[in-house]
Amino acid sequence: MHTVDLLLHGTGHVGRALLSLLERQAPLLAERHALAFRVVGAVDRGGAIWQPTGIPPAALLAAKAAHGSVAALPGGERGADVLALLGRAASPLTLLEATLVAADGGPGLAALRAALAARHSAVSANKGPLVVALPELEALAARHGGALSYSATVCGGLPALAVARDDLAHATITRMEGIVNSTTNYILTRMAAGEGYDEALRRAQADGIAEADPALDVSGWDAANKLLILAHAALRQPSRPADVRVEGIEGIGGEALRAAAARGEAIKLLARAERDPSGRYALSVGPHALPLDHPLARLEGHQMGLWLETDINGTLFLSIIEETPEPTAAAMLRDLVHQARGARR
């Protein structure tokens, strides 16, 4: 049995879902892969807990539910941060980065830099640090011998990065289109059914799909961040936010959606990468009308999908229905398993 120590940074929806999965999937991982994952530390806004012998995920979840912070556990430390805990690790561990997205990378970027520089590995569901510094972080991992994985940052549980980067490593993607933000797809679906924008947004917030501040989603920038990660990892074109033309859905009204439907089309917020004759990709995010027989046009509500045109592999279409944070947490678990199996080869 191979045991991997974990330090969880962020106990929001995704972090808590991952804790549940670590407990639920433990028998399968032991039987199928001879793997055990042990949480030795956790950090949230209220503080931290560090226990090198391991902390049961159920105990962390109970403390969070009852007291709002893992620091409420015996031995917990109010005000302690992830950098302090990383400094206590006597042997390599894996940082689980699940804090909120920040435009400058936020605490997640500092945590990833510190972990990789100290020869630890990292699995991230946080897009922010990758948009700001993905080439730097990958270089840190390569230089110091750790691993960096981030498949959960693009379309949650959909293996979008795995297919576009790894399964098509022998081919060239000539065009990529995707519905990569479920919040805007949900809102546009409700509006197409007759609801107004404000009503659809309120429903999305009430259902837990949209944040209290939905600006990152509806402006198109969440989709743009995912496109930037895809461009770097799968298209081998490191890019910056300024390289993406971005338009959100704020200007889309019910009249435009009804007119599109009358023409046999559906308006969707698409992330696009189009390859020109020089081999460069033009990156954009914005509303586009698609014919109703296009697979992306048929995605509604909680669905996301990716359309890939290639030079030798034909055209691929991937989609997922993701109604809860669990598939995103499952993508983090997938990365953990792949890292552990790779380290044992």
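L216 is partly exposed, with a relative accessible area of 36%; here buried means under 20% relative accessible area, exposed over 50%, and partly exposed in between, using a 1.4 Å probe and protein chains only. This is a predicted model, in which local features need pLDDT of at least 70 and side-chain atom pairs count only at pLDDT 80 or more, while totals for chains, interfaces and linings use all residues. Residues are numbered from 1 along each chain as its sequence is written, and side-chain values use heavy atoms, with hydrogens and water left out.

Let us stay with L216 for a moment. L216 is found in helix α10 (residues 215-218). Helices (H or I, at least four residues) and strands (E, at least two) are DSSP runs, numbered from the N terminus.

Now to the sheet. Six strands form an open sheet with mixed pairing, in the order β9-β11-β10-β8-β12-β13; two strands pair if DSSP finds at least two bridges between them. At the edges are β9 (244-246) and β13 (315-321), each pairing on one side only. On average, neighbouring strands of this sheet are turned by 20 degrees against each other, direction ignored. Axes are lines fitted to C-alpha atoms, for helices over the stretch in contact, and angles run from 0 to 180 degrees between N-to-C directions.

Helix α8 (residues 182-192) packs on the sheet and touches β8, β10 and β12 (303-310), where contact means heavy atoms within 4.5 Å. The direction of α8 makes about 150 degrees with that of β10.

Eight of the 11 residues in β10 are buried, so to speak "mostly covered".

| Partner of β10 | Residues of partner | Bridges |
|---|---|---|
| β8 | residues 173-179 | four bridges |
| β11 | residues 281-291 | 11 bridges |

On the β11 side, I267 stands opposite A289 in β11. β10 and β11 form a hairpin with five residues between them, and G279 in the turn has a positive phi of about 95 degrees.

Finally, a look along the chain from A289. R341 lies in helix α13 (residues 326-344) and is partly exposed, with a relative accessible area of 37%. The C-alpha atoms of R341 and A289 are separated by 43 Å, and these residues are 52 residues apart along the chain.
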